[in-house]
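Biologist: I'd like to learn how to read a structure like this one. Could you take me through it, feature by feature?

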Amino acid sequence: MRNNKLTLIQVAHDELLEHCRSELPYEACGIVSGVNNTVISVWKLKNEIKSEKRYFVSKETVQQIFSEISCKGEDVLGIYHSHPKTSPVPSKFDLMNHPYQQVKMIIVSLKRKEPVIKCYEIVNQKFLETTLIVN
């Protein structure tokens with residue numbers, strides 16, 4: 001049975017939003033980790049292609065972060081990125097390139113003044129919105 005909710009502690013939520021805003025006009029990206037489906041840590045990554053519509057992080061960088069997360073005793077819970085000018089819905093490109101079914105996709109839309117954050121499970125290049133709780 002799937003767990004279709006993810007909790008962000010307030011500090012992690014604020015850090016994630018700040019990172020996304022700070023990378024404008026480009027997409028920001030990163031990884032979130034924690035325990036028991038509660039995000040404790042935000043791992044800000046550098047979008048190596050500096051694009052408004054896509055992000056890329058080398059496999060080596062991702063593997064290094066996964067190793068650091070493991071050393072902290074946390075689990076990789078999600079991969080996040082921003083959509084500077086569009087809604088927080090996975091694009092075809094997002095779906096094709098999401099590497100891990102067990103890891104949620106978090107998208108932050110900065111299209112409007114107030115950011116909108118959505119969380120998804122990705123299975124077979126299809127998405128299902130999941131509950132995102134901020135505590």
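Modeller: Happy to, and keep in mind that this is a predicted model. Let's start with a pair of strands: E6 and E7 run antiparallel and are joined by five bridges.

Biologist: What holds strands together in general?

Modeller: Strands of a sheet pair through backbone hydrogen bonds, and the pairing can be parallel or antiparallel.

Biologist: How many residues lie between E6 and E7 in their hairpin?

Modeller: Two residues sit between them, and Asn124 in that turn has a positive phi of about 55 degrees. Now step back to E5, which a hairpin of six residues joins to E6. E5 and E6 are antiparallel as well, with five bridges, and Val108 has Ile117 in E6 as its bridge partner.

Biologist: Which strands make up the whole sheet, and in what order?

Modeller: Seven strands form a closed barrel, in the order E1-E3-E2-E4-E5-E6-E7, and the pairing is mixed. On average, neighbouring strands are turned by 40 degrees against each other, ignoring direction. Helix H1, residues 10–22, packs on this sheet and touches E1, E2, E3, E4, E5, E6 and E7. The direction of H1 makes about 20 degrees with that of E3.

Biologist: How do E2 and E3 pair?

Modeller: E2 covers residues 29–35 and E3 covers 38–45; they pair in the antiparallel sense over seven bridges.

Biologist: Can we look at one residue of the helix? Which residues does His13 contact, leaving aside its neighbours within four places in sequence?

Modeller: His13 is found in H1, and those contacts are Leu8, Ile117 and Val134. Its relative accessibility is 14%, so His13 counts as buried.

Biologist: Next, rings. How many aromatic pairs does a search of the whole structure find?

Modeller: The search finds two. To read such a pair, check the distance between ring centres and the angle between planes. For Phe66 and Tyr100, the centres are 5.5 Å apart and the planes are at 50 degrees, so this pair is tilted. The pair links distant parts of the chain: Phe66 belongs to helix H2, Tyr100 to the loop between helix H3 and E5, and they are 34 residues apart. Phe66 is partly exposed at 22% relative accessibility, and Tyr100 is partly exposed at 29%.

Biologist: And why is the pair of Tyr120 and Phe127 called edge-to-face?

Modeller: Because the planes of Tyr120 and Phe127 are at 85 degrees, with ring centres 5.3 Å apart; planes over 60 degrees apart count as edge-to-face. Tyr120 is buried at 3% relative accessibility, while Phe127 is partly exposed at 39%.

Biologist: Last topic: how many disulfides does the structure hold?

Modeller: First the general idea: a disulfide is a covalent bond between the sulfur atoms of two cysteines. This structure holds zero.

Definitions and conventions: Residues are numbered from 1 along each chain as its sequence is written. This is a predicted model: local features need pLDDT of at least 70, side-chain atom pairs count only at pLDDT 80 or more; totals for chains, interfaces and linings use all residues. Side-chain values use heavy atoms; hydrogens and water are left out. Two strands pair if DSSP finds at least two bridges between them. Helices (H or I, at least four residues) and strands (E, at least two) are DSSP runs, numbered from the N terminus. Axes are lines fitted to C-alpha atoms, for helices over the stretch in contact, and angles run from 0 to 180 degrees between N-to-C directions. Contact means heavy atoms within 4.5 Å. Rings of Phe, Tyr and Trp (its six-membered ring) pair if their centres lie within 6.5 Å; planes under 30 degrees apart count as stacked, over 60 as edge-to-face and the rest as tilted. Buried means under 20% relative accessible area, exposed over 50%, partly exposed in between (1.4 Å probe, protein chains only). A disulfide is a pair of cysteine sulfur atoms within 2.5 Å.
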